[in-house]
Structures are given as C-alpha cells and as structure tokens.
Amino acid sequence: MSLLEVANVGKAFCTYKTEWHRMANWFVEQTPMTQKWVLRHISFSIKPGEAIGIVGENGAGKSTLLKIITGTLRATEGTVNVKGRISAILELGMGFNPERSGRNNARHTASLMGFNNKVIEQIMPDIEEFAEIGEYFNQPVRTYSSGMKMRVAFAVATALRPDILIVDEALSVGDSYFQHKSFQRIRKFRELGTTLLIVSHDRAAIQRLCDRAILLEKGQVIKDEKPEVVLDFYNALIAEKEKATVQTKTLGDNRVQTSSGTGEAKVVSTKLINQKGNEIEIANVGEDAILIVRARIYVDIPTLVLGYMIKGRLGQELYGTNTWYTEQALHDLKANQQIEYRIHFPMNFGPGSYSVSLALTGSETHIDVNYEWKDLALVFDVVNNDKTKFSGCVWNEPIIEITELTDN
Amino acid sequence: MTELLKSIWKYRKFIINSIQRDIVSRFSRSSVGGLWMILHPLVQVSMYAIVLSAVLGAKLETISSDYSYAIYITSGIVAWSLFSGIINSCVSLFIKNANLMKKMVFPKIALPIITLGVNLVNFFFLLIAVVIIFLLLKHFPGPNIFWIIPVTIVLITLALSLGLIAGILNVFVRDVSVVMPIVLQLGFWFTPIIYPVSILPDRFKFWLNFNPMFPVVEAFHDVLAYRNSPDLLSLLSVFIFSLILLFIGFFLFKKASPEMVDVL
C-alpha cells in the first residue's frame, strides 16, 4: 500500500496569443502559442514512514512538484493519489498579520489548514509550548524577531501529526536549539508513520533524514535511489557543469582567476576515493581516503612541488602541506609528462562540508614560481555514521575516565 | 455545487476569523478604534444631508420633510456603496491573495465570501449611522424597515456575481481593474440616486429597464425614504437575473481555478 502515488505527472505552462484565447480554452479547445513543460513523466510512490529527499538544481521543478502534490497547482497530465492528510511547510509564516498576536495568528493559520474550533483549541497549548517564545505569544507579531515568527509558524504547521509532511527548504528554522527541536519532532513523526518529503540543498540534512532520494533534472526524474548514490550523482552532474563554465572563462579575459599561474604544469584531474577504490563525495568520520591528483607538464621545468590545503565551509584552513616539506619534490621534468599523486589521509574531521585547494609550484611557496593555483579543486562532505556524537571540525576521539570520589 | 458549500462549511472558522481580522486590523492601532466604523459613514451621510438640503435647499414633494432630498439621496447612496464596495474588493481579490493561493491549500471560494462578509459588516454600520441621522431629521422608520433584509440579499447576490466574474477576468486580463471604476462611475450616474427617476426624460427611462441596479436602488428608496414596501415583482426579476449571473460566475470560477494559480 502506498500513501502517495504520483503517476506520470506533467506540468506545462502555456502562453496563448492573448489571454482571451486562454479563457476561450475553458470552453472550446484552443492551441496554445507556446507550451513549456516544467515537469514531465514523473512517477514514484511513497510508502508510509518513508522519507524522501528531492534534490536538483534551481529550476529543476522541485517546488512545482511539491505544489502539485500539496494541491495548490494542478497537474497538466497524470494523477497524484494521496491517502491521508498533507501538511506542507512551503513557506513559514504565510499570511501572518503583523498587528495581531502570535496566538491569534496561530489560530488563524490553523483555521486556514482546515481545522475546526474544537481541534484548534486542543492544539493551542501545544503550539504555545513548542514555540517557546514566552510572553511574546500574546504580543503583536510585528514585535517578533524573524526567528520567533518561524518558531510559531513551525509549531502551527506541525501541531498535529500529518500523514505526509512536505518541507521545502525550511529545515534551518531559527537558532540551533530550535533547529534541533524541530528535527526531533520530524523524526518522531516518522517513527509514528508519517511520510516525509523534503526539498533541500543541504546534503547532510537529506542524508540524515531520508532513506531515498529523487534527483530532478530539467523536469524529469533521472535518479531514484539511496541518498548517497543520488547525491554523488548529483554532485558529479554539477561538477561537470562547473567545468564547462570554467572552460568558457579560460577563453575570455578572466585567465588570471581560473589559473593564477604561469601554466607550465597544470592539474588535469582531482578525485577522492575510499579504501575500496570507489570515488566518493561523502566520507565517514575517520575513514581512510585517498586524494588523487593528476598533473601534466607542458614545458620542461626544473622542479615541481604539489601543495594542498583542506578548508572548512567558511574557508578556514584546516590542514595543508606540500611535497617540498615532505621532501618529495620532483626534478627535471619534461613536457607532456604526467604525474599522479596519491595522498593518503584519514578523514579526521567533524561533520560538514570541506574543500581542497591545490597548487603546483617550483618551490615551497607559490609566490616565486607558481605554475597553477586552484581553489575549490574538490569539494567533499564528512558525515558521522558510526562514531560517538561530537561537534567541531576535528575528530579527536577521547577516552574519558570517570571515577566517583568519596569524601572520607 | 454541494461540494462547494461543503468546503465553505468546513472552512467557516477561517472565513469568520478572516472577516474579524480584516475589521480589527483596520482599527487596531487607532486611538478611538472601532468608533471609526460608525464615524466614517456618519460623516459621509451627514455631508450629503447638509450640503444638499441645508445649502442647496433641494426638496422632493413626495417626502414630507425639510430634508426630503437628503433622505432620498442617503437611501440610494447606502445601496450603491454596498454594491460598489463588493465589486471593487472582488476585482482585485485573487491578485491580492496570490501568494496565499500559491502556497496554501484551501477552498478559493472562501475569498469572495470573506470579502462579502467584510462589506456586509461595513454596510451594517453604515445603516446604523443612517438610521441615527434619520432620527435626528425626525424621519422615523416604521416596521417596513425590515424589508431592507430581503432587498439587501438581492443586492449582494447581484454584486457578488458581477464582482466574481470581474475578479476572475482580472486575473487573466488586468485591464479589468482599470476599467471597473469607470464602469461603476457610469453606473452611479445612470442609476437614479442623486436625482429622482421622475425628472428623467421618457426616452432615457426606457433604458433604465436594462439597469439591474435600478429596481434595487428604487427598493431602497421605497423602504428607507418612503417607508413603504418595495416593488416585489421588479425585485424578483432582478433576483432571478442575479442568480443566473451567480451561476455563470461559479461556473467560470470552476473552469478558471486550475489555471488561476499558473497565471498569478
């Protein structure tokens, strides 16, 4: 039995010669001037308790799909079969009146969701408690901070457990305390059988919550598998596109930025593999990984040094070294030679997103002889699958000894 | 149709709440608050009364009061303000609520009903103000005043159906919202509101038969100014016409609603 059945759904936005033609179309069929399909042949089904992440670039049709499932947009073709109540968090704080109190707005939103008076009065205490904004709950919403508004909105949207919960990019609600709290609520719903449908660009969120992911590209489902598989595929897809833009850049006058170097030697490929030799985008904390860098020599050079730097999400430098320091500099290289570097290291990082910068130089610094400098040569994520929970960007597992001391 | 009514019933709480919010939020930050609801129409009506009777000294033979002309005008204005109020707010209704319609699932038919409710509340206060003025002018309403209820029902059916159709068209062709005030202005002058129908030359009178607001405004005159019962036959024909129009409106609404969100 499936809770949600999407069968061959397509959505086209049509333009007509004039809007009068569009209206005439309701009665006598008119041929539209242009017909743009933003979704086509979308089919999938979701079982109770499943959590599905929808990924894809901006404009791939994710939000349109969610709107069709929620029912605000009508599909042009195909059917959506829903069993049970849907609660959609497409935009938090929709329709809040700034002059009225949080309590009044919460009531209003609940009534907009179709709850009757009795139910609303029943869930109000819970909403107030979950939002945790204290006395502000009875103050006009215009006095709220945006985080407080979000808290109330999220509390209302999830006051009653829906059969299907749709979340569009709204998971990063408020401060980290409330984020944690809302994640917990979502997880609890799941345990009770709620199906989750999440659109997010946050890879970690999708990996943490979902057991299946769907990749949309140009309005079509191009992958429907385990999140890791889909996310890796998605990243490869993006990487491919980025490369294309980089190439066009190099042709233009932007040469300095793309290869801030003299170009005698260049990095041809960069990838990260795990112990099994598979290319990865996401690594587990502590996992041994190998960074493979291939370089090509274009002009004879006396020395070649490869340097790399692993950076955090905000660009903070975490670890970097080069083959000069490790006394592995290469000498007397000839044109057209290719070199492969395999850098083995354990992923002793905290969960998060990291990037690798590379430099090919002629000495220990890239200042005097700089063949190529490449920022964001590679991006990878670290997730914590099996280690003790911790925070921070370094994995530094301790042994904690505890002794109970008695005062005598 | 029954489905439509069912969804309205299910969302009654939302509808009532929305009407309340609309009214309260209009006055919530003003110092005298709800008093404005009465003061505003009161000033408007007394303005007509003073300017037209006291200053211009206009009188009608048919009403035995020094302020007969003012009373006549006021009765007509009350009807027209409800009529134009409903239509004006319906025209931009779906566009104003575009974001809500795109993001939330709820019966869209609730929107015109909320608007209707807000306008009826305004009308109710205007009516109270008018009765107060009439009392001050020693024009005491009799039991026939209760005819106002069925007459108002006819009026809102007509206004809602026209407003709904205009509102739907306006989603697709935005010119409607520009044209509508002009049409209403023409309608105002083509309906005997500030002049009695008796002064119209006969060749114009014929055309009045095509103005659905004519019998409604005349009924308001009958009930409020002349303290009579209204002409039921003409009122009934307007009501039937309005019901047909309302049916067309709902039909159009049903046809349009799948595409409305696409265009908004």
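Modeller: Start with accessibility: buried means under 20% relative accessible area, exposed means over 50%, and partly exposed is what falls in between. Note also that this is a predicted model.

Colleague: Why is Glu128(A) called partly exposed?

Modeller: Its relative accessible area is 30%. The limits are 20% and 50%, so Glu128(A) counts as partly exposed.

Colleague: What makes Glu128(A) and Arg103(A) a salt bridge?

Modeller: The rule asks for a side-chain nitrogen of Lys or Arg within 4 Å of a carboxyl oxygen of Asp or Glu. For Glu128(A) and Arg103(A) the closest N and O atoms are 3.3 Å apart, so the pair meets the rule. Arg103(A) is partly exposed because its relative accessibility is 22%.

Colleague: Which parts of chain A does that pair tie together?

Modeller: Glu128(A) is in helix H4 (residues 117–131) of chain A and Arg103(A) in helix H3 (residues 102–112) of chain A, so the bridge ties together parts 25 residues apart in sequence.

Colleague: How do you know that H3(A) is largely enclosed by the rest of the structure?

Modeller: Of its 11 residues, 9 are buried, so the helix is described that way. The buried ones in H3(A) include Gly102(A), Asn104(A), His108(A) and Leu112(A).

Colleague: What do the buried residues of H3(A) pack against?

Modeller: In chain A they pack against H4 and helix H5 (146–157), and in chain B against helix H2 (12–27) and helix H6 (98–103). Just after H3(A), Gly114(A) has a positive phi of about 90 degrees.

Colleague: What makes Arg294(A) and Glu340(A) a salt bridge?

Modeller: Their N to O distance is 2.8 Å, and the limit is 4 Å, so the two side chains qualify. Arg294(A) sits in strand S12 (residues 288–297) of chain A and Glu340(A) in strand S16 (residues 338–346) of chain A, 46 residues apart. At 39% relative accessibility Arg294(A) is partly exposed, and Glu340(A), with a relative accessible area of 36%, is partly exposed too.

Colleague: Why is Asp386(A) called exposed, and what is the label for Lys387(A)?

Modeller: Asp386(A) has 55% relative accessibility; exposed begins over 50%, so the label applies. Lys387(A) has a relative accessible area of 24% and is partly exposed. The side chains of Lys387(A) and Asp386(A) meet in a salt bridge at 3.1 Å, N to O. Elsewhere, Glu50(A), Arg212(A) and Asp224(A) are joined into one network by salt bridges that share partners.

Colleague: How many salt bridges does the rule find over all chains, and how many across the interface of chain B and chain A?

Modeller: Over all chains the count is 12. Across the interface of chain B and chain A it is 0.

Colleague: What makes up the contact between the two chains, and what area is buried there?

Modeller: Chain B contributes 33 residues and chain A 36 residues. The buried area is about 3200 Å², with 61% from carbon and sulfur atoms. On the chain B side, Lys13(B), Arg21(B) and Lys103(B) lose the most area to chain A, together 22% of what that side buries.

Colleague: What is the make-up of chain B itself?

Modeller: Chain B has 12 helices and 0 strands. Of its 264 residues, 52% count as buried. Residues 24 or more positions apart account for 77% of its contacts with a separation of 6 or more.

Colleague: Which residues have the most contacts inside the largest nonpolar core?

Modeller: That core has 84 residues, and those with the most contacts inside it include Phe83(B), Phe172(B), Phe220(B) and Met260(B). Beyond its sequence neighbours up to four places away, Phe220(B) touches residues including Ser75(B), Phe123(B) and Leu155(B). Another core, lying apart, has 44 residues, among them Ile89(A) and Val167(A).

How values were computed:
Residues are numbered from 1 along each chain as its sequence is written. Chains are lettered from A and ligands numbered from 1 in the order in which they are written. This is a predicted model: local features need pLDDT of at least 70, side-chain atom pairs count only at pLDDT 80 or more; totals for chains, interfaces and linings use all residues. Side-chain values use heavy atoms; hydrogens and water are left out. Helices (H or I, at least four residues) and strands (E, at least two) are DSSP runs, numbered from the N terminus. Buried means under 20% relative accessible area, exposed over 50%, partly exposed in between (1.4 Å probe, protein chains only). Contact means heavy atoms within 4.5 Å. A nonpolar core is a set of buried Ala, Val, Leu, Ile, Met, Phe, Trp, Tyr and Cys residues joined through side-chain atoms within 4.5 Å. Buried area is the accessible area (1.4 Å probe) that two parts lose on being put together, summed over both.
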